Amino acid sequence: MIMADYGVWLINELSLAASDLLNPSKRVSICYLASALFFAFALFLFRYGKKGIGRLKMLFSWRLWWHPSARVDYGLWLCNRLILSLVFPKVITTLGVVTWLMYQLRELGLSPLPVALPDWSVVAIFSLCYFLLDDFSRFGLHWLMHRWSWLWAFHRVHHSAEVLTPFTVLRTHPVEGLLFYGRSLLVQGALVALFVSVFPGQVSLLMIGGVFVVTYVFNVCGANLRHSPVPISYGKTIERWLISPAQHQLHHSVAVEHYDCNFGVVLSIWDRWFRCFQFGSDQQTLRYGTLSALDQAGVIGQYVSPFQRIKIRAKKKTATTTESRQDSPLA
């Protein structure tokens, strides 16, 4: 009976993973890939004429899609789906976070505004605040993953991809997946709780869907090719405000001059403020990976490597501390 239930669960989770390919809310949706290809085709045709069409041929190579690195992308995508469905506390939902935060805000004495604003203005303010906070929080967590060694141990799994395909966005360690999911819950919960408390009856969880329209349009306009071998620059004027595929590909580059640049997801203003901004180019030729054994590791190796790395660093830190104490005149 247990084995039968396990089999049903396994089939259900795998079918849900496959359904992501048709789900417009997922980055790996076929509609996003098709629209990104059309956008790139039109852009290159406009910029380079018929010669520009040849720039897309790399996306139709089986050597790219069946590269050992790409196969690890697929494996991590499916395995993460199974792992997170087992270990993640599904009782933690946006509604639960909102309810708890609203209680805390009421305890602090937060009350509705004495002056009622028109519904359309509340929706506009909420949408703008949510978009900016969501994008900045994604930038911030990504930035920290490159700054804190223990976070980098997990994030380098994503950077170990030697080739980039649209599925590389799902090449993450489960720990990173949990962190970003927690970020999303906190951002959504905090803003909804705040606005429901201040503008009662004018804000609901359904309003969040309207904000996703911006992300949807951004993905349609080639954003899904940020993980691909096709460099697409938006031009310097636009790239000062929006992250292009070429800019994100620089982020994956092994070249020293490209280290820790372009952390943004949609807006590039955060990178300019944090002085980690670089322009992309249609002409750039890059090599990807971490230049370590992790680049050739399989799915199991990707899962285990961060813990091994953290353990080794902890031992080195302990040894260094011990040596410094032995050298101290007070030892």
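## Basis of the model

Because the structure is a predicted model, local features need pLDDT of at least 70 and side-chain atom pairs count only at pLDDT 80 or more, whereas totals for chains, interfaces and linings use all residues. Residues are numbered from 1 along each chain as its sequence is written, and side-chain values use heavy atoms, with hydrogens and water left out.

## Overall fold

The secondary structure comes to 13 helices and 0 strands, where helices (H or I, at least four residues) and strands (E, at least two) are DSSP runs numbered from the N terminus. Read along the sequence, the pattern is therefore written as α-α-α-α-α-α-α-α-α-α-α-α-α.

Of the 331 residues in the protein, 43% are buried; here buried means under 20% relative accessible area, exposed means over 50%, and partly exposed lies in between (1.4 Å probe, protein chains only). Among the contacts (heavy atoms within 4.5 Å) with a separation of 6 or more, 74% are between residues 24 or more positions apart. The accessible surface comes to about 18,200 Å², and 69% of this surface belongs to carbon and sulfur atoms; such areas come from the Shrake-Rupley method with a 1.4 Å probe, and for residues only the protein chains shown count as cover.

## A network of salt bridges

A salt bridge is a side-chain nitrogen of Lys or Arg within 4 Å of a carboxyl oxygen of Asp or Glu, and by this rule the protein has 6 salt bridges. One of them joins the side chains of R138 and D134, with an N to O distance of 3.3 Å; both residues lie in helix α6 (residues 119-147), where they are 4 residues apart, about one turn of the helix. R138 counts as buried because its relative accessible area is 18%, and D134 counts as buried because its relative accessibility is 9%.

D134 also forms a salt bridge with R183, and the closest N and O atoms of this pair are 2.9 Å apart. This pair links distant parts of the chain, since D134 is in helix α6 while R183 is in helix α8 (residues 174-198), 49 residues apart. Both D134 and R183 are buried. A further salt bridge, at 3.9 Å from N to O, is found between the side chains of D135 and R138, which are separated by about one helical turn because they are 3 residues apart in helix α6. D135 is buried, at 0% relative accessibility. Through shared partners, the salt bridges join D134, D135, R138 and R183 into one network.

## A buried glutamine

Q302 lies in helix α13 (residues 299-327) and is counted as buried because its relative accessible area is 0%. Leaving out residues up to four places away in sequence, Q302 touches V72, L76, V157, S160, R171, H173, L294 and A297.

With S160, the side chain of Q302 also makes a side-chain polar contact of 3.3 Å. A polar contact is a pair of N or O atoms within 3.5 Å; within protein, one must be able to donate a hydrogen and the other to accept it, and residues adjacent in sequence count only if both atoms are side-chain atoms.

## A nonpolar surface patch

On the surface, F41, L45 and I53 form a nonpolar patch that has about 220 Å² of accessible area together. Patches are made of residues with over 30% relative accessible area and no salt bridge, with like charges joined within 9 Å and nonpolar side chains (Val, Leu, Ile, Met, Phe, Trp, Tyr) within 5 Å. I53 lies in the loop between α2 (30-48) and α3 (62-65), and I53 is classed as partly exposed because its relative accessible area is 36%.
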